[in-house]
Amino acid sequence: MKQLRFIIAGILFGIIMSKSEAFSWYRIQEMFRFQSFHMFGIIGVAVVMGALGIFLIRKFNLKDFNGNEIILPNKEGGFSRYLFGGIIFGLGWALAGACPGPMFVSLGAGYWSMAIVIVSAILGTFAFGLFKQS
């Protein structure tokens, strides 16, 4: 029953993504062609909210749902790792027409071909985990 709040949050997130057209391939294409501010605005709001959340966690030493301390380790340095990771992520986003969050929203909206993208993303994440450990 405790997990119900996470399911409800996911459903609400999906509704917001759907209503804001953040899962629309057309909107994503507009963004990559610099024809519209729509997606940049959505992403900008997400970045600001994330930064505000991190600030509040550090400022007030907030705890997680179980009362455990939230530990935010510093990121490792290195420009190339973020550059290549961003390029790979961007290429996948452009080819699939969706980043990880909207993939599930698209599937829920009835775009059944997104199941292939989701399975591929899961397999790619699994492969990364295998290579990262070795």
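This is a short tour of the predicted model, stop by stop. Residues are numbered from 1 along each chain as its sequence is written. The model is predicted, so local features need pLDDT of at least 70 and side-chain atom pairs count only at pLDDT 80 or more, while totals for chains, interfaces and linings use all residues; side-chain values use heavy atoms, with hydrogens and water left out.

**Whole chain.** Show the protein chain as a cartoon. It has six helices and zero strands (DSSP runs numbered from the N terminus: H or I of at least four residues for helices, E of at least two for strands). The order from the N terminus is α-α-α-α-α-α. The C-alpha trace spans about 40 × 40 × 30 Å along its principal axes.

**Largest pocket.** Select I42, I43, A46, W93 and C99, which lie nearest the centre of the largest pocket among its 15 lining residues. Two or more lining residues come from each of α1 (4-19), α3 (38-60), α4 (79-96) and α5 (100-108). Helix α3 gives the largest share, six residues. The volume is about 360 Å³. A pocket is an open set of points on a 1 Å grid over the protein atoms alone, where a 1.4 Å probe fits, with protein on both sides within 12 Å along at least five of seven lines; lining residues have an atom within 4 Å of a point. The volume is the space filled by probe spheres set on the points. Colour the lining by class: 14 residues are nonpolar, one is polar and none is charged (Ala, Val, Leu, Ile, Met, Phe, Trp, Tyr, Cys and Pro are nonpolar; Asp, Glu, Lys and Arg charged; the others, Gly among them, polar).

**Second largest pocket.** Its volume is about 280 Å³. Now select I88, F89, G92, W93 and A121, the closest to its centre of 13 lining residues. Helices α4, α5 and α6 (114-133) each give two or more residues to this lining, with the largest share, six, from α4. The lining has 10 nonpolar, three polar and no charged residues.

**Surface patch.** Select M1, L4, I7, I8, I11, L12 and I15, which make a nonpolar surface patch of about 730 Å². Patch residues have over 30% relative accessible area and no salt bridge, and nonpolar side chains are joined within 5 Å (areas by Shrake-Rupley with a 1.4 Å probe; a salt bridge puts a Lys or Arg side-chain nitrogen within 4 Å of an Asp or Glu carboxyl oxygen). I11 lies in α1.

**R27.** Last, select R27 in helix α2 (residues 25-32). Its side chain makes polar contacts with the side chains of E21 (2.7 Å) and E30 (3.1 Å).

Note on methods: Patches are made of residues with over 30% relative accessible area and no salt bridge: like charges are joined within 9 Å, nonpolar side chains (Val, Leu, Ile, Met, Phe, Trp, Tyr) within 5 Å. A polar contact is a pair of N or O atoms within 3.5 Å; within protein, one must be able to donate a hydrogen and the other to accept it, and residues adjacent in sequence count only if both atoms are side-chain atoms.
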